[in-house]
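Visitor: I'm new to this structure and would like a close look at one thing. Could you walk me through the salt bridges?

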Amino acid sequence: MTDTTTLKSAKILVVGGAGFVGSNLCHHILDKHDPKEIWIIDNLLSSEISNVPEDSKVNFIFGSIADDRVLSKLPKDIEVVFHLACYHGNQSSIADPIADHDNNTITSLKLFDHLKECKNLKKIVYAAAGCAVAEKTFDDATATSEDAPVSLFHDSPYSISKLVGEMYGNYYHRSHQLPFVKARFQNVYGPREILGAGQWRGTPHTIWRNVTPTFVWKALIQEALPLDNEGLSSRDFIYVEDMARGLMHCALAGVPSEIYNLASGIETTIAELAKIINETTNNPTPPKLFPARKWDRSGKRFGSTEKANRELGFEAKVGVREGISNLVEWTKENFDMINSCMDRHIRFLEKV
């Protein structure tokens with residue numbers, strides 16, 4: 001890279017670049033950083049090809065990063081890698097732990113082993129999971145820091161896989177000097193998260209992905225928003241454009257082997273989120289209350305922002321109300337496309 005403050009003229013690899021966060025990151029890099037090339041690898045298991053930017057600098061390869069034939073197609077002089085591919089998400093991993101292993105664990109190991117031979121590599125940024133280290137509590141939460149203890153007991157194979165990815169990256173950093181930086185995600189939301197994206201993954205959560213796009217969709221068609229645990233659970237919601245900026249901060253300023261929370265630092269209950277979404281969409285239907293999900297012991301959580309702010313100069317800028325307003329408008333504009341993606345799974349959904 002010729003410029004240490006941007007990725008100008010850099011060759012970049014985004015694994016999972018057709019996905020929600022990955023595609024937003026690719027658009028951000030093209031808009032703000034003038035790279036030489038972006039290579040995108042995606043098997044479209046939980047993503048849509050329509051998310052991939054149409055740009056002469058973008059090279060798209062369909063397939064899994066665990067496939068040696070895919071790895072062999074990558075240029076040898078890649079400089080920056082963002083590893084964002086995963087098996088989406090907790091519920092799908094519970095339904096099919098083997099698929100989670102194939103798409104969350106083996107992918108990381110194969111990628112890191114391949115990258116150890118790349119002599120021009122300046123940084124690899126790994127999408128880690130804040131939920132994997134957050135305290136399991138339904139009492140008042142405290143901000144989860146990067147040095148939070150890691151338990152050997154977890155709620156989902158997804159959480160386990162994400163931690164194993166961190167461990168493999170640490171191994172390759174120590175043994176092969178892989179410039180590996182861990183970016184721990186909180187609850188990312190925003191445009192390009194498409195309900196029903198990709199292939200059927202065994203559960204209704206193939207359609208109903210994360211809480212925010214699900215609530216926005218249901219609110220727009222004036223359905224009751226389902227509040228598990230009566231909406232008392234809380235999360236740290238970070239807008240996807242902030243996440244893209246945070247990933248860039250990790251690539252440009254992150255210290256290899258270090259962990260950085262990419263978080264808003266603000267705790268929002270699911271009931272508060274539902275209220276904001278219903279107000280933004282003018283949904284007159286009151287929420288419907290349900291008990292807590294049996295598998296989920298992480299009732300309340302949010303991430304500490306101190307380290308990322310101090311060491312990377314990163315802080316989230318988009319508040320929840322502004323971000324929800326943007327997401328509602330994007331959903332309206334892409335309503336037919338989203339509905340089409342959801343419809344392709346109806347025959348599977350009827351069998352569940």
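Guide: Here is a short tour of the salt bridges, taken pair by pair. Keep in mind that this is a predicted model. The count comes to 21 salt bridges, and we'll stop at a few of them.

Let's start with D68 and K110, whose side chains meet in a salt bridge at 3.0 Å, N to O. D68 sits in helix α2 (residues 68-72) and K110 in helix α4 (residues 97-115), so this pair ties together parts that are 42 residues apart in sequence.

Next up is a pair within one helix. K275 forms a salt bridge with E279, and their closest N and O atoms are 2.6 Å apart. Both belong to helix α8 (residues 270-281), where they are four residues apart, so about one helical turn separates them. E279 is partly exposed too, its relative accessible area being 38%.

Now hop along to R293, which forms a salt bridge with D296; here the closest N and O atoms lie 2.6 Å apart.

Methods. Residues are numbered from 1 along each chain as its sequence is written. This is a predicted model: local features need pLDDT of at least 70, side-chain atom pairs count only at pLDDT 80 or more; totals for chains, interfaces and linings use all residues. Side-chain values use heavy atoms; hydrogens and water are left out. A salt bridge is a side-chain nitrogen of Lys or Arg within 4 Å of a carboxyl oxygen of Asp or Glu. Helices (H or I, at least four residues) and strands (E, at least two) are DSSP runs, numbered from the N terminus. Buried means under 20% relative accessible area, exposed over 50%, partly exposed in between (1.4 Å probe, protein chains only).
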